[in-house]
Amino acid sequence: MKERIVLQHVTLVNGEVLDIVIEDGQIVELAAAGSGHGEQVMDCSGMFVSSGWIDLHVHAFPAFDPYGDEIDEIGVKQGVTTIVDAGSCGADRISELVASRVGARTNLLAFLNISRIGLQRVDELSNMAWIDKDQVRQAVHAHKDVIVGLKARISSSVVKESGLEPLHRARELSEETSLPLMVHIGSGPPNIEEIVPLLAERDIITHYLNGKKNNLFDAEGKPLQVLVDAIARGVHLDVGHGTASFSFKAAEAAQSMASV
């Protein structure tokens, strides 16, 4: 006999309070608060329930310490049912990341780092020989059910003397594979006003609220024209929150922009 479990007095994200009745792992009834019947009743007053959350920017490859963490630790244990690894691995080790999905309760997707070495080191785009177009194409083909985009970290500590060349290479690979780019921005050079015009519809700017000098807002907190133009052509924005990649001042500027 199947046991009915009642989650009583749960709150939906729209503020509505009701009972959710579950049977054999499936939701079988949404009932008025306090009216659900079942063998096991759990009082969930003050608790929220929603569809599974998606986290667009995580690092789920523990071998690359300190960036990575275990899939379920940053997934279902945080209320997130799908996570997207933001370029931890390049072609050299993407198969290991894909294999780690087996046995995990969290669904894992990934952006492929255009550098074959990925985050094995923090200057992964400083040597153009590490961007092997054939290996990128092969990895995308082999793991097309997992890889949803390409990742390029375009900041001075990553590209060093390579400048904008890794981004040009990433743009070519994006067009060849029909996958969007996620582009990390930070300290320059390259200058932010050189980077953003190279991004296209469906691409993503991550760490867009960083407070570094090379950011997307001017001294008065107004968005640069390149940001306004990028949004207009369909470029997406990702907070990518991190201790070195988030500024309340930039967030306040973005809020002002959104309210205009």
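The legends below describe close-up views of a predicted model.

In this predicted model, local features need pLDDT of at least 70 and side-chain atom pairs count only at pLDDT 80 or more, while totals for chains, interfaces and linings use all residues. Residues are numbered from 1 along each chain as its sequence is written, and side-chain values use heavy atoms, with hydrogens and water left out.

**View 1**
Strand 9 covers residues 147-154. Helices (H or I, at least four residues) and strands (E, at least two) are DSSP runs, numbered from the N terminus. Buried means under 20% relative accessible area, exposed means over 50%, and partly exposed lies in between (1.4 Å probe, protein chains only). Strand 8 (residues 107-113) pairs with strand 9 in the parallel sense over 4 bridges. Two strands pair if DSSP finds at least two bridges between them. Ala110 has Ile147 of strand 9 as its bridge partner. Strand 10 (residues 181-185) also runs parallel to strand 9, joined by 5 bridges. Here Ile154 stands opposite Ile185 of strand 10.

**View 1. The β-α-β unit.**
Strand 8, helix 2 (residues 133-142) and strand 9 form a right-handed β-α-β unit. Right-handed means that, with the strands pointing away from the viewer, the path from the first strand over the helix to the second runs clockwise.

**View 2. Aromatic pairs.**
The structure has 2 aromatic pairs. Phe61 and Phe64 have ring centres 4.9 Å apart and planes at 65°, so they pair edge-to-face. Rings of Phe, Tyr and Trp (its six-membered ring) pair if their centres lie within 6.5 Å; planes under 30 degrees apart count as stacked, over 60 as edge-to-face and the rest as tilted. Phe61 is buried at 6% relative accessibility. Phe64 is buried too, with a relative accessible area of 6%. Phe246 and Phe248 have ring centres 5.2 Å apart and planes at 85°, so this pair is edge-to-face. Phe246 is partly exposed at 23%. Phe248 is exposed at 64%.

**View 3. The largest pocket.**
The largest pocket holds about 510 Å³ of space. On a 1 Å grid over the protein atoms alone, a pocket is an open set of points with protein on both sides within 12 Å along at least five of seven lines; lining residues have an atom within 4 Å of a point. Of its 23 lining residues, His57, His59, Tyr67, His207 and His241 are the closest to the centre. Strand 6 (53-58), strand 9 and helix 3 (156-159) each supply at least two lining residues. Strand 6 gives the largest share, 3 residues.

**View 4. Cis peptide bonds.**
The bond from Asp65 to Pro66 is cis, with omega near 5°. Pro66 sits in the loop between strand 6 and strand 7 (80-86). Gly188 and Pro189 are also joined by a cis peptide bond, with omega about 0°. Pro189 lies in the loop between strand 10 and helix 5 (192-195).

His9 is not a glycine, yet has a positive phi of about 60°. His9 belongs to strand 1 (residues 4-12) and is partly exposed at 28%. Ser178, not a glycine, has a positive phi of about 60°. Ser178 lies in the loop between helix 4 (165-177) and strand 10 and is exposed at 53%.

Notes. 1 Å grid on protein atoms, 1.4 Å probe; cavity = no way out; pocket = protein on both sides within 12 Å on 5 of 7 lines; lining within 4 Å. Points joined across faces, edges and corners; volume = space filled by probe spheres on them.
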